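The structure is shown first, and the description follows.

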Amino acid sequence: MSRALPQVEPDPSLPPRVTVYEVGPRDGLQNESGVLPAADKAEFVRRLAAAGLGTVETTSFVDPRWVPQLADAEDVLALLGADGRGPRRPVLVPNVRGLDRALAAGVGAVAIFGSATETFARKNLNRTVEESVAMFAPVVERARAEGLWVRAYVSMCFGDPWEGPVPVGQVVDVCRRLMDLGCDQLSLGDTIGVGTVGHVHRLLEALGAAGIGPEQVGVHFHDTYGQALANTMAALRDGVTVVDASTGGLGGCPYAKSATGNLATEDLVWTLDGAGVETGIDLDALVETSVWMAGRLGKPSPSRVVTALAGG
């Protein structure tokens with residue numbers, strides 16, 4: 001596939017290299033109305049890896065009754081074999097039962113998912129924030145004992161559809177409690193996409209004051225109001241070097257209907273390529289993967305870069 005290239009103008013305010021944490025196979029596909037075959041999901045992961053995505057979140061071990069789109073987690077990992085294991089192939093686990101399934105499947109990394117707000121904690125996990133942290137404690141302890149890398153997601157860091165604006169101090173408190181369990185990395189989720197650049201700076205500054213520096217943080221922005229890329233660049237200028245993105249802009253949140261798709265990986269890579277920031281990702285191969293997945297899903301990709309480079 002031939003394409004236009006962005007003019008490279010190195011930006012010294014950005015880190016020289018950024019790790020893209022690809023969430024399309026998990027966060028992207030879990031919000032689709034249809035269910036793809038396990039073979040297609042495994043092929044999606046393989047294509048992403050071949051395009052240079054080093055870290056790919058492959059699936060979820062949440063109760064299949066709640067996320068039927070990912071009920072075939074064991075099948076997908078069995079199809080992937082060694083390609084689905086190791087510290088750069090994390091899976092989502094909500095509790096000890098989910099961790100048991102993940103360990104039986106041979107994973108090397110897991111992610112837990114908390115909430116900065118009480119309402120979403122109850123809707124997503126049927127627990128209070130306090131109860132959620134207590135539920136995660138044995139998960140993290142056992143995962144670390146088994147030698148797994150552990151990530152902590154925190155949803156609703158910038159706003160909640162039921163509670164409105166979320167105080168920065170409240171977000172920092174939940175983040176600190178989850179990291180104190182022994183997690184390796186924190187992902188800040190703008191679940192409904194209402195964050196703004198100034199808000200990003202303020203939250204990262206507050207986290208730093210609480211002992212959670214940008215080297216421990218990834219950012220996860222949804223693009224509901226078209227702010228995901230701007231917010232991501234703001235975070236990078238504050239020292240963050242891990243960005244969650246979803247190939248083709250797939251995603252949303254099944255428990256927050258106002259949430260739209262994630263930041264498209266292609267849009268992020270185009271911007272970083274133009275700024276002289278290394279990602280190790282082949283944009284041509286990534287666009288081809290998005291076009292392939294759009295065909296499987298029966299709908300076009302919302303990514304602007306995919307639309308431009310794939311000819312519509």
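The lining of the second largest pocket consists of 4 nonpolar, 7 polar and 3 charged residues; Ala, Val, Leu, Ile, Met, Phe, Trp, Tyr, Cys and Pro count as nonpolar, Asp, Glu, Lys and Arg as charged, and the others, Gly among them, as polar. The model is predicted, so local features need pLDDT of at least 70 and side-chain atom pairs pLDDT 80 or more, while totals for chains, interfaces and linings use all residues. Residues are numbered from 1 along each chain as its sequence is written, and side-chain values use heavy atoms, without hydrogens and water.

On a 1 Å grid over the protein atoms alone, a cavity is a set of points where a 1.4 Å probe fits but cannot get out, and a pocket is an open set with protein on both sides within 12 Å along at least five of seven lines; lining residues have an atom within 4 Å of a point. Grid points are joined across faces, edges and corners, and a volume is the space filled by probe spheres set on the points.

| Space | Volume | Lining |
|---|---|---|
| Second largest pocket | About 260 Å³ | 4 nonpolar, 7 polar, 3 charged |
| Largest cavity | About 30 Å³ | 5 nonpolar, 3 polar, no charged |

Among the residues lining the largest cavity are Gly114, Val129, Phe136 and Leu178.

Leu186, leaving aside neighbours within four places in sequence, is in contact (heavy atoms within 4.5 Å) with residues including Ala152, Cys175 and Leu207.
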